[in-house]
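Please keep the sequence and the structure in view while reading.

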Amino acid sequence: MTDHIQSTRRPIKRYFRHFTDYWLTDASFSILLLVLLFTVFVLPILIEYGHIDMLYVNLVFLFLFFTGIWSSKRKVFIFLTTGLFFTQLGLRLLRFSDFPVEFYLLERIVGILNMMIFILLNISLLFRDREVNLYRVIGAINVYLSVAILGAFVFEIIHLTTGSSIAGGDRALLGLDDDFAEYIYFSMVSLTTVGFGDLYPINVMSKMLSVFLSTVGILYPAVVIAKLVGESRR
């Protein structure tokens, strides 16, 4: 009986090890890119036209946070990302349960912390070993899109704490998951410095965040390209 249990555990441990090792390889950047492209460009359309339940929207974000757990071998980051992930998971389960109290603001704050660490971990993976290849370029795009998602989360936090953040468009923001389409759109518009003008910040915090995203959007590609080119010549 003991030998049977041990023989069963070995393949499980092997598959688990392969899974954890995969997220530390360059190949994981490709899967992550697909998820981020879906989150930034497809998910807002599905939300806007009501073709997706908010539960599935939250599952997409939880998947991103879950991958962050496996993006480092350092115990401090594993412990931190695991704690934040399960905190986020617990808060979201409470929101979709029959529990009479919601912690929506706290949930979003934890989401921002999760996203910040997720970005830092992906930056560290991007420049590790001083190696430059196609996957590292994809990783740089992943960080760029992750910053846009982080910006959307912060715009939402500003709305939840002050009652307003951005205005314009054809509908008022309600401070719910449904507003993600507007937040990510304006975050991308700010980050890419396009500035269509259909949405605009209406308080000082939103204005400063918009300017910050525009600054990052200008400097990040230049810095990353210079860094990758410099590494490729060594």
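How are α5 and α6 oriented to each other, roughly parallel or roughly antiparallel? The model considered here is a predicted one, and in it α5 and α6 pack at an angle of about 160°, with a distance of 9 Å between their axes. Because angles over 145 degrees count as roughly antiparallel, α5 and α6 are therefore roughly antiparallel to each other. Their crossing is left-handed.

## Other helix pairs

Helix α4, which covers residues 75–95, packs against α5 at an angle of about 150°, and the two axes are 9 Å apart. This pair, α4 and α5, is therefore also described as roughly antiparallel, and α4 passes α5 in a left-handed crossing. On the α4 side the contact involves residues including Phe77, Leu80, Leu84, Phe85, Leu91 and Arg95, while on the α5 side Tyr104, Leu106, Val110, Leu113, Ile117 and Leu121 are among those that meet them.

For α2 and α3, the axes come within 11 Å and cross at roughly 160°, so that these two helices are likewise roughly antiparallel to each other. Here too the crossing, in which α2 passes α3, is left-handed. The residues of α2 that take part are Leu32, Val35, Leu36, Phe38, Thr39, Leu43 and Ile47, and they meet Met54, Val57, Val60, Phe61, Phe63, Leu64 and Thr67 of α3.

## Nonpolar cores

The largest nonpolar core has 55 residues, and the members that touch the most others are Leu43, Phe61, Leu64, Ile149, Phe153 and Phe180. At least two residues of this core are supplied by each of α2 (28–48), α3 (54–69), α5 (104–126), α6 (134–162), α7 (180–191) and α8 (204–232). The largest share, 14 residues, comes from α6.

Phe61 illustrates how such a member is surrounded: when residues up to four places away in sequence are not counted, Phe61 touches Thr39, Leu43, Arg92, Ile149, Phe153 and Phe180.

Thr67 has its place in helix α3, and because its relative accessibility is 2%, Thr67 counts as buried. A polar atom of the Thr67 side chain lies 2.6 Å from the backbone oxygen of Leu64. With neighbours within four places in sequence left aside, Thr67 is in contact with Trp23, Leu32 and Phe118.

## Residues with exposed surface

Is Phe79 buried or exposed? This phenylalanine lies in helix α4, and because its relative accessibility is 68%, Phe79 counts as exposed. Phe79 and Ile69 are 10 residues apart in sequence, and their C-alpha atoms are 8.1 Å apart in space.

Thr193 lies in the loop between α7 and β2, the latter spanning residues 199–201. Although Thr193 is not a glycine, its phi is positive, at about 60°. With a relative accessible area of 42%, Thr193 is partly exposed.

Terms used
Residues are numbered from 1 along each chain as its sequence is written. This is a predicted model: local features need pLDDT of at least 70, side-chain atom pairs count only at pLDDT 80 or more; totals for chains, interfaces and linings use all residues. Side-chain values use heavy atoms; hydrogens and water are left out. A nonpolar core is a set of buried Ala, Val, Leu, Ile, Met, Phe, Trp, Tyr and Cys residues joined through side-chain atoms within 4.5 Å. Buried means under 20% relative accessible area, exposed over 50%, partly exposed in between (1.4 Å probe, protein chains only). Helices (H or I, at least four residues) and strands (E, at least two) are DSSP runs, numbered from the N terminus. Contact means heavy atoms within 4.5 Å. A polar contact is a pair of N or O atoms within 3.5 Å; within protein, one must be able to donate a hydrogen and the other to accept it, and residues adjacent in sequence count only if both atoms are side-chain atoms. Axes are lines fitted to C-alpha atoms, for helices over the stretch in contact, and angles run from 0 to 180 degrees between N-to-C directions. Angles under 35 degrees count as roughly parallel, over 145 as roughly antiparallel, 65 to 115 as roughly perpendicular and the rest as oblique. A crossing is left-handed if the near helix is turned anticlockwise from the far one by less than a right angle, and right-handed if clockwise.
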